[in-house]
Amino acid sequence: MYKKLLVPIDGSAFSERAVRESIALARQLGAEITGFIAEPEAPLPAVGRPAPMIALETRQHDARVGRHAVDVLLGFEAQARNAGVGFRGCYTQSQRIPEAIAAAAQEHGCDVIVIATHDRGPLRELFFGSHTKRLMARTKIPLLVLH
């Protein structure tokens, strides 16, 4: 069955469901988990800002999102290890979240993606889109979607 689960999370209380459910599933299947976070890239600089200031702000942004990702993944790892589930964590920076998730699943040889979805409703989805739907269109790897 499934031996390598990719579990994209963002550190929100909402993503805790994906953490809990994926650990329970991995235990049942004897699978391992790759926890994954796609952090936003640094915003584009304002026109006319000096290059040294832009470089400093970019470094600060990278350090901040890197710390956030590591902290969240360490928490996920602790829960997985306590449950006897193998775990590895990774993160990237991207504005294209579904593509980053699909690429991570491919890169790490995962055979299923376990993802939590917000179920925003049709009107909010129209304005904000759905990472889950876009992910389904970009990967052939099975998705387990948690509502």
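The legends below describe close-up views of a predicted model.

**View 1. The five-stranded open sheet of the predicted model.** The strands of this open sheet follow the order β3-β2-β1-β4-β5, and their pairing is parallel. Strand β3, residues 87–93, and strand β5, residues 143–146, form the edges, since each of these strands pairs on one side only. From one strand to the next, the twist averages 20 degrees.

**View 2. The pairing of β4 with β5.** Strand β4, which spans residues 112–116, runs parallel to β5 and is joined to that strand by four bridges. Within this pair of strands, A116 stands opposite L146 of β5.

**View 3. Helices α5 and α2 against the sheet.** Helix α5 packs on the sheet, where it touches β4 and β5, and the direction of the helix makes about 170 degrees with that of β5. Helix α2, residues 51–82, lies across β1 (4–8), β2 (32–39) and β3, and runs at about 160 degrees to β3.

**View 4. The crossing of helices α3 and α5.** The axes of α3, residues 97–107, and α5, residues 131–138, come within 8 Å of each other and cross at roughly 50 degrees. Because of this angle, α3 is oblique to α5. The crossing of these two helices is right-handed.

**View 5. Residues at the contact of α3 with α5.** From α3, the residues I97, P98, E99, I101 and A102 meet H131, R134, L135 and R138 of α5. Taken by class, the residues of this contact comprise five nonpolar, one polar and three charged.

Technical notes: Residues numbered from 1 in each chain as written. Predicted model: local features only at pLDDT ≥ 70, side-chain atom pairs only at ≥ 80, totals over all residues. Heavy atoms only, no water. Axes fitted to C-alpha atoms, helices over the stretch in contact; angles between N-to-C directions. Parallel < 35°, antiparallel > 145°, perpendicular 65-115°, else oblique. Left-handed = near helix turned anticlockwise from the far one by under 90°. Contact = heavy atoms within 4.5 Å. Nonpolar A, V, L, I, M, F, W, Y, C, P; charged D, E, K, R; others polar. Pairing = 2+ DSSP bridges.
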